[in-house]
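Here is a short note to read with the model open beside you. Take the points in order, and find each residue as it comes up.

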Amino acid sequence: MGVYHGKSAMAGFGGDLNNMVNFTLTTTVEMASSTAMGDTWENHEYGLTDFTITAESHNVDALDTPAILGTSAEVTLDLEDGGTDKIAGTALLTSIVETQPVDDIGKITFGFEGNDADGLTYTIS
Amino acid sequence: MANEPIHGKGGKAKFDTTEFANEIRWTINLHNTAADSTAMHASNTGRTRVAGINGGTADVECYYLADASPEVLPGATAATLELWRAASDAGAGYYTGPAKCTGYDLGATIDGVETITYHFIFTDEVEIAII
């Protein structure tokens, strides 16, 4: 059974984000209890889907991070180089944390919250 | 050259006219508190959101400068905080924005150099300035 190595993955927000080192996608579905008297097990109904994405990159020069904070665009998570297998959805960029340490390359962590009435889309060949 | 990774060894931080001594790390945290705009609709699958107002905080961590008071005291007059990715690289860019000092943490351990971390909150728009 084939697998993907993360070295070939990529994340994009509008265009590609540069020098990515990792990303994490967390998906959820809200559940509403529909358990009633007489049931022998708890019942639940599906509600709305939601997702958050965290993506980390090396710090890069000339990147205007304040300009993209609070903007909404399609986030594309390529599972393999070439982008034929990917997961995508529109999201709002709600946090940017940049750290510059004396003993390492700086890092930027981008935090996204889902903003897509249609939910995530999956393109898998 | 754009999109080149930057080593932090060349960074610096400055508050008003004070360039911090013995810096070892700066961190900026920019945020936008989104508002949920999801409404009932038969075709809805996912939640939607609308952007709120931007805000930000920053920390500057240094080895404590001997024989001196903390370089910035909590409640100091608001001033411009600059956080440089690489002070010697004109194209790297630096964050700049008006900020207030909200406090500091001072730490001493038996096996390390004493450190101080200054905390700031930005009071207006933060920009990236590229020389």
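1. Start at Arg25(B), which counts as partly exposed, at 30% relative accessibility. The model is predicted, so treat every value here as computed from that prediction. The class follows from the cut-offs: buried is under 20%, exposed is over 50%, and partly exposed lies in between.

2. **Its salt bridge.** Which residue pairs with Arg25(B) in a salt bridge? The partner is Glu61(B). Their closest N and O atoms are 2.9 Å apart. Glu61(B) sits in strand β6 of chain B, while Arg25(B) sits in strand β3 of chain B. The pair therefore ties together parts that are 36 residues apart in sequence. The general idea is simple: side chains of opposite charge can pair when their charged atoms come close.

3. **A second pair in chain B.** Look next at Asp36(B) and Arg47(B). They form a salt bridge, with the closest N and O atoms 2.8 Å apart. Asp36(B) belongs to strand β4 of chain B. Arg47(B) is in the loop between β4 and β5 of chain B. The two are 11 residues apart, and the pair links distant parts of the chain. Asp36(B) is partly exposed, with a relative accessible area of 44%.

4. Glu30(A) counts as partly exposed, at 30% relative accessibility.

5. **Counting the salt bridges.** How many salt bridges does the structure hold over all chains? The total is 7. Across the interface of chain B and chain A the rule finds 4. Another salt bridge to find joins the side chains of Glu98(A) and Arg85(B), at 2.7 Å from N to O.

6. **Polar contacts and the elements involved.** Between chain B and chain A, 25 residue pairs are in polar contact. On the side of chain B that touches chain A, the elements giving two or more residues are β3 (23-32), β5 (49-50), β6 (54-63) and β10 (127-129) of chain B. Which of them gives the most? That is β3(B), with 10 residues. By class, this side of chain B has 17 nonpolar, 16 polar and 9 charged residues.

7. **The extent of the interface.** The contact takes 42 residues from chain B and 40 residues from chain A. Together the two chains bury about 3,400 Å² between them. Of that area, 49% is on carbon and sulfur atoms.

8. **A glutamine to study.** Gln100(A) is found in strand β6 (residues 86-101) of chain A. Is Gln100(A) buried or exposed? It is buried, because its relative accessible area is 2% and the cut-off for buried is under 20%. Its side chain makes a polar contact with the side chain of Asn59(A), at 2.8 Å. The side chain of Gln100(A) also reaches the backbone oxygen of Arg85(B), at 2.7 Å. Among the residues that Gln100(A) touches are Ile6(B), His7(B), Trp26(B) and Trp84(B).

9. **The nonpolar core.** The largest nonpolar core has 40 residues. Those with the most contacts inside it are Phe112(A), Phe20(B), Leu83(B) and Phe120(B). Take Phe120(B): its contacts include Phe15(B), Phe20(B), Val60(B), Val72(B) and Leu81(B). In soluble globular proteins, nonpolar side chains tend to be buried together.

10. **Two backbone angles to check.** Asn19(A) has a positive phi of about 55°, although it is not a glycine. Asn19(A) is in the loop between β2 (15-16) and β3 of chain A. At 26% relative accessibility, Asn19(A) counts as partly exposed. Asp67(B) has a positive phi of about 60° and is not a glycine either. Asp67(B) lies in the loop between β6 and β7 (79-84) of chain B. At 85% relative accessibility, Asp67(B) counts as exposed.

Conventions. Residues are numbered from 1 along each chain as its sequence is written. Chains are lettered from A and ligands numbered from 1 in the order in which they are written. This is a predicted model: local features need pLDDT of at least 70, side-chain atom pairs count only at pLDDT 80 or more; totals for chains, interfaces and linings use all residues. Side-chain values use heavy atoms; hydrogens and water are left out. A nonpolar core is a set of buried Ala, Val, Leu, Ile, Met, Phe, Trp, Tyr and Cys residues joined through side-chain atoms within 4.5 Å. Buried means under 20% relative accessible area, exposed over 50%, partly exposed in between (1.4 Å probe, protein chains only). Contact means heavy atoms within 4.5 Å. Buried area is the accessible area (1.4 Å probe) that two parts lose on being put together, summed over both. A polar contact is a pair of N or O atoms within 3.5 Å; within protein, one must be able to donate a hydrogen and the other to accept it, and residues adjacent in sequence count only if both atoms are side-chain atoms. Helices (H or I, at least four residues) and strands (E, at least two) are DSSP runs, numbered from the N terminus. Ala, Val, Leu, Ile, Met, Phe, Trp, Tyr, Cys and Pro count as nonpolar, Asp, Glu, Lys and Arg as charged, and the others, Gly among them, as polar. Lists of a residue's contacts leave out its neighbours within four places in sequence.
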